[in-house]
Amino acid sequence: MDADQALTQIEALVIAQTGKRLSELQRIILQQVWLGKKYFDIANTYGCTEGHAKDVGSDLWKFLSQVMGEKVTKQNLRRVVTDHVRLSLNPPPIEIDPMPDFVGRSQAITQLSQWVQQGTRAIALQGEGGLGKTTLAQQYLQSQGYDIILELLMAKEPENITSVERVVEEWLTRDLADDPGREFGISLDRLKRHLHQRRIGVLIDNLEPALDQRGLLIAHHRRYLDLFRVLTDPRNQGLTLFTSRDRLCEGSLHLHHYRLPGLDFAAWQHYWRYQGLSTEVESLPQMHRAYGGNAKAMTLLCGAIQSDFGGDLTAFWHDQQHDLLLVADLNNLINHQINRLQTLDPQAYRLFCRLGCYRYQTIATLPIDGVLALLWDVPESEQRARIVSLRNRSLVEFREGQYGLHPVIRAAAIARLRDSSDWEPANQHAAQYWTNSIQTIASPQSALQALEAYHHYMAIQDYSQAAAVLLQARDNQWHQYLSLGSTLYRMGLHQSLLSELPQLMARLPCDRRFCELHNILGDYYWSTGQIHPAIAAQNQSLHLSTQTLADPHNLDQRSLHHLQIQELDSRLSLGLYHLDLWELETSAQFFQQVIELATQTDHHRWIPKASICLALVSSHLGDLKQARELAAQPLGTPLLDTDQAARQAYFMQLLGQTHTQLEQFEQATTLFDQALTVAESSHYPQIQARTLTGRATIHRHQGHFTLAITDHHQALTLLSTLNATCDLAEAHLQLGLTYQTMNHALEGDHHFHQALQLFQAMNAPYQVKRVQSQRSS
């Protein structure tokens, strides 16, 4: 195991156990110590004092000792990490502690374990609904000591299946403490690294809605095949289990197929005996045969017998056996149970059907408030009783205060809901619940929870309200009051919306919301390096806002205010887009327009932002006098406030670039250091990378080449994972210039070539000329 592999293993362990990330100095210490270097060498590599490196190292060994459960020192690091990795790859066997409703699967567990020991890394559990495929898969994965278990509960209806891009984004962000890439392929590569380096269990549950009649993935979700190839890679350290009623017939996947049988009669006897019911009756084997040993039928029938027949199995069977014998599969059984619920408790039945409107995908279960939201027409004093009644029918999953529907049951519920007058109001109230439950976007999970409302409105084709969900503004973790769509972009959770947003906008009128969505779509494109589509989207937004503002007398004060802000934001964004294309004169025009418009209105807060942008452009155009004048108008003393700094970090690093161009290195360094602190603490990786590139440029001018190279490489590492094309190209260009200054022509040419390729891919001819000019100078 080399130093990079060791660092990867240590970081994965730290993230899994603490949720924290190692600092850059901690990473360098680990790599250098692994290579046998001394603190003196480490300090020179990082650019700090030897004493500081020793202090950080001392704290690091204490921290790792807690994480690994044994003392870690500079001297025993190699042994401890090597032993830990060896143990993680060959864990001691863990006995499964059966749950009361998890019975009769010893043979299945033995078979799964045998395949895993033989090197199998993916198994498809096949069988009809209710056999217990999901329960077996969950129990088996939980018993094997995996570092983490990832689950995907596939939607029952094909049109509601979560896009594969969003699934991978959520796994990386929520479960693996990693950042999704700007492109799906980058996200998959990141997931692949985790699967190769850690023992990760994966469950893909209820796959059949995504399969066609041939057992192949349906056309609309063929990209799931790319994910499944990664999950079934024989080099993975863990195990992926699929559950499906239909056979998965994609020939390119490396997996075993296992047709799960029904539970044997002994398992049914054990379960019913545990529930306090007599098993010494001839009706039980008849019931077992009628339902083919179906595990879900076993639990549902037991619940009905206890609640409706006082636990008298014989009386139940005498009353129901003819109907049940006509029921050939679990769907019919579920419908039978639902019909009984409708007869016995119409209010609980109505709630059951309404619960079918929830997706149970991104957010797999509901707290009781989510259930209460669907009881809008039931007196408050009766609501809890309705929930208890439904819960007691065994039709609703309930665990640790959370509610949910088994996919098969949800399918029956939603089919009935669609045919009722409750379809639209149920989705409307569910959407309102999700919207009201999130006041502040404090994490990726809360952002995705707020986004659930969007899916409910799309389900009932209320496109106006779906747009309103994306545009609703809330405070986020960076103390910014932004729309949900914008916050998703900053969190890197917008990739799947990149394809959905144009489809939504095609169904909207050309009003203010349409204008705002174009603005958000422009930023979505910009973040992925698609500058020309970004400009087209932003121009459309600008056209709509200016067209409406042309006759302000027809606008109320609130609409006028919003449209003025929209126009300013579009012009500022267009200036930044053209700056990335190095179309400097055009960029300057847009920034000047922002200043002039803001001066004429009460939106003066836009003046400092546009002035900072214009100062940078002026410095590149050679107008140093104007650049100095504009740079002398800083964001102001509020920058010292942490909240304000978090909002303005992007413009701080732009101002730092201007001071660098003006060779005012002290001011530039102060701004870069402040921006870097904010970016690291607020998880702004793109701003962090841009700031590191800026700081590296200062080091180059001052002849501190070791420090410059370190910052350059940190920036490239961050930007490569983000797939931020334009910033990545700029980082390569600046590193090329640093090597050129050091007279390292070969290394410099390599990075110039990388920059050229990226700018050419962006269709940025002025950037290409800039690189060629810098390269030859």
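Colleague: How close do the axes of helix α25 and helix α27 come, and at what angle do they cross?

Modeller: Bear in mind that this is a predicted model. Two packed helices are described by the distance between their axes and the angle between them. Here α25 (residues 512-527) and α27 (residues 557-580) have axes that come within 11 Å and cross at roughly 20°. Angles under 35 degrees count as roughly parallel, so α25 and α27 are roughly parallel to each other. The crossing of α25 past α27 is left-handed.

Colleague: Which residues in α25 meet which in α27?

Modeller: From α25, the list includes Arg512, Glu516, Asn519 and Trp526; on the α27 side, Arg558, His562, Asp569 and Tyr577 are among them. By class, the contact of α25 with α27 has six charged, six polar and five nonpolar residues.

Colleague: On to the nonpolar core. Which residues in the largest one touch the most other members?

Modeller: The general idea is that in soluble globular proteins, nonpolar side chains tend to be buried together. In this model the largest nonpolar core has 144 residues, and those touching the most other members are Phe352, Leu355, Tyr358, Leu501, Leu504, Leu517 and Phe759. Take Leu504: leaving aside neighbours within four places in sequence, Leu504 is in contact with Tyr454, Met458, Tyr463, Ala466, Ala467, Leu470 and Leu517. Another core, of 35 residues, lies apart from the largest one, with Leu195, Ile204, Leu207 and Leu227 among its members.

Colleague: What about Gly404: is it buried or exposed?

Modeller: Residues under 20% relative accessible area count as buried, so Gly404, at 5%, is buried. Gly404 sits in strand β7 (residues 402-404). Not counting residues up to four places away in sequence, Gly404 touches Tyr360, Val396 and Glu397. Tyr360 is 44 residues from Gly404 in sequence, yet their C-alpha atoms are 7.0 Å apart in space.

Colleague: Last one: where does Gln461, with its positive phi, lie?

Modeller: Most residues other than glycine have a negative phi. Gln461, though, has a phi near 60°, and lies in the loop between α21 (444-459) and α22 (463-471). With a relative accessible area of 57%, Gln461 is exposed. Asn763 also has a positive phi, near 60°. You'll find Asn763 in the loop between α36 (745-761) and α37 (765-776). At 46% relative accessibility, Asn763 counts as partly exposed.

Key. Residues numbered from 1 in each chain as written. Predicted model: local features only at pLDDT ≥ 70, side-chain atom pairs only at ≥ 80, totals over all residues. Heavy atoms only, no water. Axes fitted to C-alpha atoms, helices over the stretch in contact; angles between N-to-C directions. Helix = DSSP H or I, 4+ residues; strand = E, 2+ residues; numbered from the N terminus. Parallel < 35°, antiparallel > 145°, perpendicular 65-115°, else oblique. Left-handed = near helix turned anticlockwise from the far one by under 90°. Contact = heavy atoms within 4.5 Å. Nonpolar A, V, L, I, M, F, W, Y, C, P; charged D, E, K, R; others polar. Core = buried A, V, L, I, M, F, W, Y, C linked by side-chain atoms within 4.5 Å. Buried < 20%, exposed > 50% of the residue type's maximum accessible area, 1.4 Å probe, protein only.
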